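These are my notebook entries on one chain, written down in the order in which I looked things up.

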Amino acid sequence: KNSAGCYQVSFEVPAAWVGRRIFLHLGGVESAFHCWLDGQPLGFSTDSRLPAEFELAGAAPGQHNLSLRVYRYSTGSYLEDQDHWWLSGIHRHAHIYAKSEAA
């Protein structure tokens, strides 16, 4: 059995970000997760407690919904077994940011 937790949040992309590349930064998630933007698949990561970034291509200015399904165990869970509590979820800050097209 592999328990999962679901997270959902709404956020707004400012109009000032038109023409820029927009990214989602997740500072650390334990253990693996799938990510969706407005119901469309955005990505998957298994790098437990390490930063993961996804480009929000096509995220027009306005309101958006971000969803994550975080899995308690992944293929690397037992490799990462150290002296710590086995608590799954989002462990560090998450934020969106924009870069110029040239970056």
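I began with the rule for charges over rings: a charge sits over a ring if NZ of Lys or CZ of Arg is within 6 Å of the ring centre and within 35 degrees of the ring normal. Under that rule I found that K99 lies over the face of F23, at 5.1 Å from the ring centre.

Basis of the entries. I am working on a predicted model, in which local features need pLDDT of at least 70 and side-chain atom pairs count only at pLDDT 80 or more, while totals for chains, interfaces and linings use all residues. Residues are numbered from 1 along each chain as its sequence is written, and side-chain values use heavy atoms, with hydrogens and water left out.

Overall fold. I took helices (H or I, at least four residues) and strands (E, at least two) as DSSP runs, numbered from the N terminus, and I counted 0 helices and 9 strands. For burial I used relative accessible area, with buried under 20%, exposed over 50% and partly exposed in between (1.4 Å probe, protein chains only); of the 103 residues in the chain, 33% are buried.

Aromatic pairs. I paired rings of Phe, Tyr and Trp (its six-membered ring) if their centres lie within 6.5 Å, calling planes under 30 degrees apart stacked, over 60 edge-to-face and the rest tilted. That gave me 2 aromatic pairs. F23 and Y97 are stacked, at 5.5 Å centre to centre with 20° between the planes, and they link distant parts of the chain, since F23 is in strand β2 (residues 21–26) and Y97 in strand β9 (residues 94–99), 74 residues apart. F23 counts as buried because its relative accessibility is 8%, whereas Y97, at 21%, is partly exposed. F33 and F54 are edge-to-face, at 6.0 Å centre to centre and 85° between the planes; this pair joins strand β4 (residues 32–37) to strand β6 (residues 52–55), 21 residues apart. Both F33 and F54 are buried.

I placed H25 in strand β2, where its relative accessibility of 17% makes it buried.

Largest pocket. On a 1 Å grid over the protein atoms alone, I took a pocket as an open set of points where a 1.4 Å probe fits, with protein on both sides within 12 Å along at least five of seven lines, and lining residues as those with an atom within 4 Å of a point. Grid points are joined across faces, edges and corners, and a volume is the space filled by probe spheres set on the points. The largest pocket has a volume of about 150 Å³, and of its 13 lining residues the closest to its centre are V9, L26, L66, L68 and A94. The largest share of the lining, 5 residues, comes from β1.

Cysteines. With a disulfide defined as a pair of cysteine sulfur atoms within 2.5 Å, I found 0 disulfides. C6 is exposed at 64% relative accessibility, whereas C35 is buried at 1%.

Backbone. Most residues other than glycine have a negative phi, and most peptide bonds are trans. I noted a cis peptide bond between E30 and S31, with omega about 15°, and a positive phi near 55° at D38.
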